[in-house]
Amino acid sequence: MSIKGSCCCGGVRFELFEPPLMLGTCHCSRCRKAGSGAYAYVRAEAFHWLAGRELVARYHPKPPMKFNRSFCKRCGTSLGDPDSGRILAIAANCLDDDPGVAVSFEEFTPDAPPWEKPA
Ligand SMILES: [Zn+2]
Ligand SMILES: [Zn+2]
């Protein structure tokens with residue numbers, strides 16, 4: 001099986017060989033500013049780059065924050081953190097196919113701004 005994902009300009013493309021373990025939405029200000037909030041948690045072995053890896057830039061936040069932010073240099077699409085760890089947090093906004101899994105938890109809901117209403 002293959003679940004495809006890509007950035008807004010189509011330069012960055014990847015696929016997943018199995019459904020994500022789970023999906024979760026983060027409402028913290030950092031995810032909000034990075035332009036992503038829902039993440040698909042995927043085993044590293046199940047993630048495969050198809051194109052545009054050279055377009056991927058990374059932002060490494062200052063400690064104690066440790067969640068790296070990857071994005072397409074050309075269009076700015078948030079990709080999550082597809083390069084570190086055994087379980088990768090892939091920005092769900094990049095998925096083109098139905099991952100077969102829906103969001104099952106939410107984090108940092110008290111940090112959500114007034115215009116956003118977490119369930
Ligand atoms: Zn792009
Ligand atoms: Zn967050």
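Which residues coordinate the zinc ion (ligand 1)? Select that ion and you'll find Cys7, Cys9, Cys72 and Cys75, each through its SG atom, at 2.3 to 2.4 Å. Donors here are N, O and S atoms within 2.8 Å of the metal (3.2 Å for Na, K and Ca), and water is not among the atoms, so sites may look incomplete.

Before moving on, a word about what's on your screen. This is a predicted model, where local features need pLDDT of at least 70 and side-chain atom pairs count only at pLDDT 80 or more, while totals for chains, interfaces and linings use all residues. Residues are numbered from 1 along each chain as its sequence is written, chains are lettered from A and ligands numbered from 1 in the order in which they are written, and side-chain values use heavy atoms, with hydrogens and water left out.

Ideal angles for four tetrahedral donors are 109.5 degrees. Along the chain, the donors follow the spacing C-x1-C-x62-C-x2-C. Now colour by accessibility: Cys72 is buried at 1% relative accessible area, whereas Cys75 is partly exposed at 29%. Buried means under 20%, exposed over 50%, and partly exposed in between, using a 1.4 Å probe and protein chains only.

Next, select the zinc ion (ligand 2). Here the SG atoms of Cys26, Cys28 and Cys31 coordinate the metal at 2.1 to 2.2 Å, with the spacing C-x1-C-x2-C. Cys26 and Cys28 are both buried.

From there, go to Met22, in strand S3 (residues 22-26). Strands are DSSP runs of E with at least two residues, numbered from the N terminus. Met22 is partly exposed, with a relative accessible area of 36%.

Most peptide bonds are trans, and most residues other than glycine have a negative phi. Zoom in on Pro63 and Pro64, though: a cis peptide bond joins them, with omega about 5°. Pro64 sits in the loop between strand S6 (56-59) and strand S7 (69-72).

Last stop: Phe108, in the segment after strand S10 (103-107). This residue has a positive phi, near 50°, and is partly exposed at 41% relative accessibility.

Notes
Helix = DSSP H or I, 4+ residues; strand = E, 2+ residues; numbered from the N terminus.
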